Structure formats: structure tokens, C-alpha cells
Amino acid sequence: MTTRRLPVYILLDTSGSMRGEPIHAVNVGMQSMLSALRQDPYALESVHLSVITFDIEAKELFPLTPLEQVRLPEIAVPGSGATFLGAALELLIDRVDRDVILGSPDRKGDWRPLLFIMTDGSPSDLQCYREMIAKVKQRHFGNIVACAAGQKAKEALLKELTPTVVSLDTTDIASFAQFFKWVSASVATGSSSAGVASPTSLPPPPPEVQVVI
Amino acid sequence: MANIIKLQTVEGQPIEIVDEIIGSGGMKDVYFSPDKSYVVGFFREEQDAQTKDRLLMITGRYRQSLFENAGGDYWKNLFCWPSAVVEFNGRIGVVAPTYQRHFFFEFGSRNDDFLGIKGREKEGKWFASANNQNRFLDPRERGDWRKYLKICILIARAVKRMHAAGLAHSDLSYKNVLVDPTDGRACIIDIDGLVVPGKYPPDVVGTPDFIAPEVVMTCHLGKEDPKRKLPSIATDRHALAVLIYMYLFYRHPLRGDKVHDADPQIDETLSMGEKALFVEHPSDTSNRIRAKNIKPSELPWKDTAKIPYTVSGPYLTPLFDRAFMQGLHKPSERPTADEWENALVKTVDLIQPCQNPNCSQAWYVFDNTTAPRCPFCETPYRGSLPVLNLYSARREGQFTPDNHRLMVYTNQSLFPWHVNRNIFPNERLAPELRKRVGYFVWHNEAWWLVNENLPELTEISGETKHPIPIGMAAPLMDGGTLLFSPQEGGRLAVIQMVEGH
């Protein structure tokens, strides 16, 4: 049997404002998220991870890769630059269409992909961003979670993409650590007990993160 | 350093917790006591009065009936049973013992623990997966097939005990059963979801992979809908069968390659629910695991032609048939935990050590219908092997077959439960009946049964009866007959010699 893959896409803001402590915190957070996922026997069997960064352009840091084979490169921030989140979504859609296996009479398809987006600002390519939202919605993601990090992040714009927006007051190591911990817990819920009332609910966010209602 | 919070249980006992979450499950956040001898799991959401009432019953009356009766200590190793309920800041918490030390990885993963799992809980999923076994686990953590049989016996016995008390676990899964294959141990955890049929309804539907088809099929209905099926003793039986299958074969009995829908979520619901089909169904082969979809690290386990479930032998095979064919969609046909325990215990009498010293499984069920060989590493059995077919007297002098065989190997023990059919090895067995009464040995080109504690062992040949006193040995010869005991329920063994290659 092909064990169903769980594709997980992480979109990370690497615009100029992430320079310094914020990007350092993201690197640390990603590293510990990866270790945590590797300690989960369910995630090890199913999770495939891809990371896309976006600043003045969108870049695929690495394509969909089995968890055990992921080697996380240091994520750097260019000199300065805009926040092309729309371009990132465009690249994401291209990759999802290319890489996610759909079920066919002959083969079990992948689980619906999960998408996590972290940004500390707002999309510079707003028109493209809004066009892409419609296309993202056609891709049937299992879950989309956006994280608005720091004071300048625009929650309202993110809410056009997904109702699940978590906001971090600061962009330091402690708050990112909590966020990535939550991401790995969400990814791993596939193997834990499902409640009678809400079988697909996410684990509750950690105390430092507030869910915008 | 986190703060220590002093609390009181509902019963007024003082407890303490360190104010730092050590883990989070589907419903609870867990905290250690300062000395780490117990943990407290707080429900994140507010619980209704009924839940509190149920938790008090679990930590009170049910706990007492299990642990405070004769033989209660036996269960302390098999259940991590909650001991008290606490209330703090409007939230309900459950106090439970910390898991025993052998349920934490000593070596963890390969290559000097490259995954960093040393010291973490031995969650069953690490072991119930061919890929995890072959690629990640340190070989010293893996155990062998006899250890997994033992683990299955303990799980079946624990579930039997709960069911005997009228309780359903409701969320049996490899998440909620810790296993230690290095020593053949198992412990059921997360007991606070216990369901008392007709009294306390369940609050979970179970864990994917283990949810019974009728529950999956009716998940979309409201909780109060009369057609909705919720976890019960019958669904525990499904989960138990899946657990046993997964620990013996490292694959899932229903996860084959049949696709029911292009949408993965709908496909999942159908293949675990309405359309659930055994991957090894003898006539409907549409859900077979296809060879081309198997990863090398999943071999040989996912190759059901190479290791079919029938390698588990004549006692377990019919139970798997009932669990995954007749009873899959008909809960009343599913084998009970008691039946599993019996069949597993009898299967232990059929296993042989593999003659290949490097065989990863080391033990297998000896099958004398074909050329006997280890199904896991394919090493053939060489030499002669005595099979003892056991009979017992239902009426004076008339022996009828017990459908129970004993495959002999060197240094194998003969126990009181082989000698008398009224003795069954379980938690209630008296200490004096747990000791062996004889053993088998291959010596000077012949097989012998050495009598250590069978006062009335008799070799019978036609009309002649030849007593074998304690301290002496009886030869095992093809067609020979040994009377272990003339007492009520005492057994007669007819010896059959099987020749290997």
C-alpha cells in the first residue's frame, strides 16, 4: 500500500523588515519544528514538507520532500525589499498542481495539503494577492493557517485568505517557538483521538498566541 | 524554574504539580508532579457534570474493583489507571501514575539516535509500522515475534478485564497502548475516556486506523441521532483486532490499494467505513496491497503473499477471519478479548525458535502441513521435531482431542496448564501453578521429557503402563503416548514426529 502522503507547505516572509532577530527566530523555530516532527512516528511516515520564501520575489527553498530527508538551509533576508505574498501564492499553486498526487482508480492520492503562512507585514503585490486567493481556494487545502507576526502585520488582509489567523505580538524567539510548536502539533493531529463533536479540530493555540476572532 | 502549585483532589488528598506543560493530547494538557511520580492531565475545555461524575467513578469504584481485589497488583503493570480527580481554575484534571521506566526508549533510533527519541515514550506506532521498524528504530529496541505475541496477550487480557467489568475503553489505539518489545510488556493508558454502556456516553470517536466501520459510517450524524454509532465494547473489539494484526504483521488490515474516491477525505471515510475490506480477503482481492506501491523499507511485511496472516497459525487465523471478514460490518460476530487471549496463549505453544541466528523475528509458528520453514527469513527447519497432541478425559478413561498442540524445542518448559485442561495461565493463576513441571531436551540423538514435578507421569504403550518418576526422563517417540496426570482434567499427549529437511 502507498502510505498516503501529507503535503505541508510553509510560506515564510523574508522581506527586509525580517532582518536581524526576527529571521533568526524563524530559523530557530523551523529547526525545532523539524526535530519535533521527526520524533512523531505518524508524521515520519506521512509528512512531506516544502518551504517557499517571499520578499522581492518568491523562491522555493526546497520542494516537497519526505520529512526524514529534509535538510534545512539557513534562511537569509536580502538587503531590503517588498513583501510579494501574491507571487508566493502563485508559486505555491504551481507547485501544488505539479506535486500533489490526486487519487485515481489506480492509486491512493495524497491527503489534502496543509498551508502555513507567516508574515510580518502586508502584501506589496495586493492585486496579485487577491487574484491568487481565489485560485488557492480551488485547491482544496485541508487547512490554511496564517500567522501575523509583530505589530505591522495586517490581519484583515490575511483573513481574506483564511479564517484562521493567529497573531504574535512580537517577532522574537519565544513567540516564534510557540508558533512552530503549534504548527507541528497541528500536523501531527492526524494520529490523535478525534472528539465526538469536532473530528477535525486543531489543537488549541499555545497561550502566547491569540486567535483573532 | 517553573512554580510548584499545591492542589487538593476532590477527595481532599494533597497533590502538587510543576506549572509547565510537559505534553498535550487531543483533549488535555499534562503536568508533572515535582518528584515525577505522577502526572495531572487537565482538560482544556470545560467538562459537564456527567464527565466529572464519570471520572469520579473511574478513579473511585471502578478502580477499587480492579485493584483492591485479589490479584489486583497484576493489573498495576497493565493499566495506567487514574487515581484521583482535581479541580483548578474551573478546569478538571485527572491524576495518574507516571509510566514505568521500560516504556521510555533506552536507545531510540538508529545511528546514535539520529531522530533524538531516546527517553521518549514508546508509542506503539513506532513498532506497528514496517517502515519505522526497518528504517528508524535501533535494532535493540525492536524485540522479536515472541515478544509481540506476549504484548498482544497482555493487551487482550487487559481489554478482557475492562469488558468483564462492563467498561469499554472507547479509544484503543497504538497511541493509547504503550509497548516495550525489548521485554514484551504493554500498558493501557488514557483510561479516562472509559465508557460505561448505557450510563456514560463516550466523548471521543477513537483514533484513525482503529475506529470501527459502523462508527466511521455514522460520524456525520448528530450525537443524539438514534442511527449514530458510538464507541462501545463491540468497537473496542474491532480496535483490539487491528492492534493485534498490526503488532504481528506491521501493516494495517484495511489499508490496501483500492481507491473509492478521488478526494482523499471521502476515500478515507469509505475505506475505513462503509466500504471497509480486509486487504487479505481470500475471494475479494480488490483491496490487496499492490507490490508496485510497496517501498523497499516496508518489505517483507507489506507483501501479504509472502507473509499472509495465516502464518499466525490455526488458533489466530479463524479469529482474524471473524474480525476482518464476518465481523467487520457485523459487530456481534467479532471475537471477544477473551477469545483473543485464549488463542494467543495457545499459539505460544506452537512457536519454534528460528534456526537462523540472525533472523530478526527469532520465533515463528511451526506449520507442519508444508515444508516447515521460518516465514520471516525463509530458513527451513532442520531435524526432527516432536509435536504433542493434547487430549483430555471428559469421562473416565475416554480421551478426546483438546484442539491444543505443543511444538517441542530444546529447553522448552512444560507447565501445569499443559498438564491439566482446567488450568489456564492468566492473572488468577496461583503462584505454585506458575512454575514449570518439566522440560524438553534433545540429547544423544533423541528427544526427552525430563520430569521435574509430575508425580504421576506415565508412559503408555498398548496395555502396559510405565511410570516415569520425578527426576527421570521419558523418551519422545513417534506414536508414543504420555499420560501427564490421571486427575480430573488431566491430559494425555500423543507424540507425532515431524521431520524437517
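**Exercise 1. How many salt bridges does the rule find across the interface of chain B and chain A? Then check one of them by distance.**

Solution. 
- Step 1: Run the rule over the interface of chain B and chain A, and six salt bridges come out. Keep in mind that this is a predicted model.
- Step 2: Pick a pair to check. The side chains of B:D267 and A:K108 come together at 3.0 Å, N to O. The cut-off is 4 Å, so this Lys–Asp pair passes.
- Step 3: Now look at polar contacts. Chain B and chain A share nine residue pairs of that kind, with both partners at pLDDT 80 or more.

**Exercise 2. Which elements of chain B give two or more residues to the side that touches chain A, and what kinds of residues sit on that side?**

Solution. 
- Step 1: Get the head count. Chain B puts 45 residues into the contact and chain A puts in 29.
- Step 2: About 3,300 Å² is buried between the two chains, with 50% of it from carbon and sulfur atoms. On the chain B side, B:L115, B:V259 and B:P264 lose the most area to chain A, together 15% of what that side buries.
- Step 3: List the elements. They are helix 4 (130–136), strand 10 (204–206) and helix 9 (264–272) of chain B. Helix 9 gives the most, with five residues.
- Step 4: Sort by class. The chain B side splits into 20 charged, 14 nonpolar and eleven polar residues.

**Exercise 3. Stay inside chain B: how much area do domain 1 and domain 2 bury between them, and which element gives the largest share of the domain 1 side?**

Solution. 
- Step 1: Chain B is divided into domain 1 (4–98), domain 2 (103–348) and domain 3 (383–499).
- Step 2: The C-alpha centres of domain 1 and domain 2 of chain B lie 27 Å apart. Their contact draws 21 residues from domain 1 and 22 residues from domain 2.
- Step 3: Read off the area. These two domains bury about 2,000 Å² between them, and 62% of that is on carbon and sulfur atoms.
- Step 4: Go through the polar side of things. The rule finds one salt bridge between these domains; B:K28 and B:D192 meet in a salt bridge at 2.8 Å, N to O. There are also five residue pairs in polar contact, both at pLDDT 80 or more.
- Step 5: Name the elements. On the domain 1 side, helix 1 (49–67) and helix 2 (72–76) of chain B each give two or more residues. Helix 1 supplies the largest share, nine residues.
- Step 6: Finish with classes. The domain 1 side has 15 nonpolar, three polar and three charged residues.

Methods. Residues numbered from 1 in each chain as written. Chains lettered and ligands numbered in written order. Predicted model: local features only at pLDDT ≥ 70, side-chain atom pairs only at ≥ 80, totals over all residues. Heavy atoms only, no water. Domains from an automatic or database assignment. Contact = heavy atoms within 4.5 Å. Buried area = accessible area lost by both parts, 1.4 Å probe. Polar contact = N/O pair within 3.5 Å; in protein donor to acceptor, adjacent residues only side chain to side chain. Helix = DSSP H or I, 4+ residues; strand = E, 2+ residues; numbered from the N terminus. Nonpolar A, V, L, I, M, F, W, Y, C, P; charged D, E, K, R; others polar.
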